[in-house]
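Could you walk me through this model in my viewer, one selection at a time? I would like to know what to click on next and what I will find there.

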Amino acid sequence: MHKPSMGKRPRTEDQEEPDRRKTHERALFQCARLILPLLHPPELAATSSTCKTLHRIAKSVTAGRTSDASGGLEKLPIPFANAVDGQPYASFAYAPTQTLGSGQRRTQPVFDAPGCECERCDGDAGCPCGGDYLDSGELARECGPSCRCGVECGNRVTQGGVSVRLRVVKDERKGWGLRAGQLIRRGQFVCEYAGELLTTKEARRRQQIYDQLTSGGWFCSALLVVREHLPSGKACMRINIDATRIGNVARFINHSCDGGNLSTVLMRSSGALLPRLCFFASRDIEEDEEITFSYGEIRLKSKGLQCFCGSSSCFGVLPSEST
Ligand SMILES: C[S@@+](CC[C@H](N)C(=O)[O-])C[C@H]1O[C@@H](n2cnc3c(N)ncnc32)[C@H](O)[C@@H]1O
C-alpha cells in the first residue's frame, strides 16, 4: 500500500525558478559592482541600457565619478560641475603623483642630495632642505626619502597631495577648467602636475598623435614639457609629463596669457629620483575663481588654438613649442 511521505515534498521546476533567478540576479549584481567602475563612459552607457540592475549600478558609478575626480585618492573630493552640456565628468585614470610612462626604464639617475638629520624640521632654520617656495625662484627643495624626519614633517607640504578645496568646472570655450572651492592664500600649495613621465622620444611621438586628434575635432591633450637649466648653465634637463591618460587634477588647469594665479616650482625632495612640478598660489585666489597658469611664451603656430583666457594681455593664440 502506498503511504504518504511525511518528509518535504520535492519542489517542482516552477517553484525552483524564482530562487534560481534570485541567485542569478545576486551574482550579476556582485559582478557588475566590480566590473562597471572599470568601464569607460561609452561602455558604461551601453551596459546601462541592457537591464534595470545594470542601469542602477551604472548610475551610481557615474554619480561617484562626478562627485570626485580623484576617486577618493586625494584628501578632499574634487567634484565636477557642468552647466554647458550633458557630459557629467571627464574620463582619465587618476594618479596623485607622477608615474613612469610606457617605455621608461625603471632606473632613473639618482639626485645626489643628502637628507637632513633634524628631529623636527618645522621652523628649523638649520634644516638644509627647507626654503620659502615662492621666493626660491623656480627651484625648491623639501625633505625627502633620505631625511631622518618622517612623512609628518612640515617641510614636505607638496607630498601629501591636494589639501585645498577644488572643483572642475566646464566652460563653453575652454572645456573643463579648475576652480578654487575656497579662498586660497598666496603661497599655499595647490597641487602637483602629475602624469606619466616620458622619454623625449615618446613625448614627441605622442605629441604628433595629439596634434592630429586636436585638428580633427574637440580633443584636449595635457602633455607638458619642463626644461630645467642646470647650475652650470651649459646643460638643460628636460622633463616630459603627460597627464592626458593618467594624471591628477592639474590636467584641468587652463592657460592664461597674464601668467594666471599660480607659480610653478620644480620641487626636489632630498634623495628622490626626480623633481616634481608643483603649483603654489602666486596671490590670494578667491573662492570660485578659475585657477590658471601660463603654458609658455613661445607661439610657433601663429594659427594655433584660439586662446580664451580673457586677460587684457591675451595673445589670442595658445602657446605652442616644438616638443
Ligand atoms: C591641459 S588641458 C586643460 C583642460 C582642458 N580645458 C580640458 O577640457 O580637459 C589644455 C587644453 O585646454 C584648452 N585650453 C586651455 N587653456 C585655454 C585657453 N586659455 N583658451 C582656450 N582653450 C584653452 C586647450 O584645448 C588646451 O589644449
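Start by selecting strand E14 (residues 290-293) together with E6: the two pair in the antiparallel sense over two bridges. Strands here, labelled E, are DSSP runs of at least two residues, while helices (H or I) need at least four, and the numbering starts from the N terminus. Two strands count as paired if DSSP finds at least two bridges between them. Now click on Arg-179, which stands opposite Glu-290 in E14.

A word on what you have open: this is a predicted model, in which local features need pLDDT of at least 70 and side-chain atom pairs count only at pLDDT 80 or more, whereas totals for chains, interfaces and linings use all residues. Residues are numbered from 1 along each chain as its sequence is written, and side-chain values use heavy atoms, with hydrogens and water left out.

Next, show the surface around E6, residues 175-180. Five of its six residues are buried, so the strand is largely enclosed by the rest of the structure. Buried means under 20% relative accessible area, exposed means over 50%, and partly exposed lies in between (1.4 Å probe, protein chains only).

A hairpin of three residues links E5 to E6. Along this pair, you can find Val-169 opposite Gly-177 of E6.

Now step back along the loop between E13 and E14, where Asp-288 is found. Its phi is near 75°, a positive value in a residue other than glycine. Asp-288 counts as partly exposed because its relative accessibility is 39%.

From there, move to the open sheet of four strands, ordered E4-E12-E13-E7 with mixed pairing. Which strands stand at the edges? They are E4 (139-142) and E7 (189-192), each with a single partner strand, so one side of each is left without a neighbour in the sheet. The twist averages 40° from one strand to the next, taking axes as lines fitted to C-alpha atoms and angles from 0 to 180 degrees between N-to-C directions. Zoom in on E7 and E13 (residues 276-281), which run antiparallel and are joined by three bridges. Here Cys-191 has Phe-279 in E13 as its bridge partner.

For the last stop, select Ala-243 in strand E10 (residues 236-247). Ala-243 is buried, with a relative accessible area of 0%. Leaving aside neighbours within four places in sequence, Ala-243 contacts (heavy atoms within 4.5 Å) Tyr-193, Ala-194, Gly-195, Ala-222 and Arg-251.
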